[in-house]
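Student: I have a model open and want to learn how to read its features. Can we go through it step by step?

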Amino acid sequence: AAIGWERGGGMAAAGVAAAPLGSGDFSDLREIKKQLLNVAERSRERGLQHSGKWASELAFALDPLPLSELPPPPALTEEDARDLDAYTLAKSYFDLKEYDRAAYFLRGCKSQKAYFLYMYSRYLSGEKKKDDETVDSLGPLEKGQVKNEALRELRVELSKKHKARELDGFGLYLYGVVLRKLDLVKEAIDVFVEAAHVLPLHWGAWLELCNLITDKEMLKFLSLPDTWMKEFFLAHIYTELQLIEEALQKYQSLIDAGFSKSTYIISQIAVAYHNIRDIDKALSIFNELRKQDPYRIENMDTFSNLLYVRSMKPELSYLAHNLCEIDKYRVETCCVIGNYYSLRSQHEKAALYFQRALKLNPRYLGAWTLMGHEYMEMKNTSAAIQAYRHAIEVNKRDYRAWYGLGQTYEILKMPFYCLYYYRRAHQLRPNDSRMLVALGECYEKLNQLVEAKKCYWRAYAVGDVEKMALVKLAKLHEQLNESEQAAQCYIKYIQDVYSCGEIVEHLEVSTAFRYLAQYYFKCKLWDEASACAQKCCAFNDTREEGKALLRQILQLRNQGETSSTDIAAPFFLPASLSASNTPTRRVSPLNLSSVTP
């Protein structure tokens, strides 16, 4: 009977009033708050600080409970009472990070809580020794063959308990972590799913599951418990898998359900907007988050990436100084400072800070990728390749690392390698035009022009961030002597650039006008040709050609050459191109009168 109770995770005995509510059922927020407070306390008792913190933050976002409704402290069993002295002593050592000492005093303890702390102390002791050795013996760029020596023994002992069905939800979680560290991914997933069924409120198990699921197909085949926690898990995994629309829908429904004050949800929404490169939205949410939680350090490295992309030096400098005052030896702080130096083009200093971040946490993904970028700037390709490879080892879903590897091999003039890495990046971000343009360039180098054309067209279709796809497509058509298609691409490109409303510093605009002027000239469309030639005169690199062409047109007109009219319709430049027309704000189809480049 005792085993049966332990197998169930001790939910009832541990003072949880009721089973977790069903998936999507947020009708009873008081009940949810009770469950969160309870699991926060139980996580803290076992030294699982991050899970405890997550539950506490979420509970804080809900209305406070009256005294009569506060959950009672977890009830003690006979075994708990017997182990109480050893547990209390060991927990104080554990909190001071004296893991071996804690484990020594917990030997032979039978209660679930003390047994978990015993095993967890042994696991953390092994991890600490491994990290210390990594920092001592190797710079973070050398692949350390340092292993956590305790893992194999832990696996043997935990699997015996697992077979005998003696592990509670927390025990299953630890068993899963040990399996994952031993690279037994399939077994680990099964154990984490079981842990989520036994103790659905423990966020740690859900989060581990997130890190092991690589695509939507895997997600479909998981039998997850029907609980409100599943909504948080799905929102998180959608963000990780770049399914941002779905993620934002989930987070919105959680906010509507009553979690509008949750800083966790706000930060996740900001990260989601960062992932789809909606920079303004992400920045405004991060600024709001900092007002609510000014001493927060998590996710601030993501915030600094956004400031970096926007070249907001004063803001980034302020953020770096601010985080330094709060805690200068946090991974995120080091990354923010690294970004700050990188923006100031002090790449050696930036790399140093990313290295410091990795000494603090060798499994910190962002720092590996950013360090790769710095080595690229310093033209140290072999170090960059190593850094990106490390990033991929930590997380195979990091498209920036795959893309970075593609770029390094491009510098090394190895297009076949490039192609492989850009393809992987494209699979992870199918709607990111940068990956598609990079792929197109690769195919072009390998002389696979049909494939290249497809890539450039797709990049234009998904919304070209850098407005380069059409130009590259036009140049391909030029190479293949497909002048009509080339002209069409250049026309679209000019419309695109000018319909943005911003005058972009685009070198290629002059190229487009030059080509169109010559194209119309060949077609004997003098008006359109002279309009384009006049535009050419506005750019330094095409001025002389423009003037020469205008002179030729004038000459031919004087000789009485008439404009040709037998040319395919789509390629006419509209009459509105002539300077006499009134300028309009939106450009249709190629009204350039409003534009002064």
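The dialogue below covers the fold, the core, a pocket and a cavity.

Tutor: This is a predicted model: local features need pLDDT of at least 70, side-chain atom pairs count only at pLDDT 80 or more, and totals for chains, interfaces and linings use all residues. Residues are numbered from 1 along each chain as its sequence is written, and side-chain values use heavy atoms, with hydrogens and water left out.

Student: How many helices and strands does the chain have?

Tutor: Helices (H or I, at least four residues) and strands (E, at least two) are DSSP runs, numbered from the N terminus. Here there are 30 helices and zero strands.

Student: What share of the chain is buried?

Tutor: Buried means under 20% relative accessible area, with a 1.4 Å probe and protein chains only. Of the 597 residues, 52% count as buried.

Student: What share of the contacts joins residues 24 or more positions apart?

Tutor: A contact means heavy atoms within 4.5 Å. Take the contacts with a separation of 6 or more: residues 24 or more positions apart account for 59% of them.

Student: Which residues touch the most other members of the largest nonpolar core?

Tutor: A nonpolar core is a set of buried Ala, Val, Leu, Ile, Met, Phe, Trp, Tyr and Cys residues joined through side-chain atoms within 4.5 Å. The largest one has 188 residues, and Phe232 and Phe233 touch the most other members. Domain 1 (396-504) and domain 2 (512-562) both give residues to this core, so it lies between them. Those bounds come from an automatic or database domain assignment. Leaving out residues up to four places away in sequence, Phe233 touches Trp203, Trp206, Leu209, Cys210, Ile213, Leu219 and Leu224.

Student: Which residues lie nearest the centre of the second largest pocket?

Tutor: On a 1 Å grid over the protein atoms alone, a pocket is an open set of points with protein on both sides within 12 Å along at least five of seven lines; a cavity is a set where a 1.4 Å probe fits but cannot get out; lining residues have an atom within 4 Å of a point. This pocket has 27 lining residues, with Leu241, Gln242, Leu428, Arg429 and Pro430 nearest its centre. The elements giving two or more residues to its lining are α13 (244-259) and α23 (415-428).

Student: Which residues line the second largest cavity?

Tutor: Its lining is Asp80, Asp83, Leu84, Tyr87, Ser111, Lys113 and Ala114. The largest share, four residues, comes from α4.

Notes. Buried < 20%, exposed > 50% of the residue type's maximum accessible area, 1.4 Å probe, protein only.
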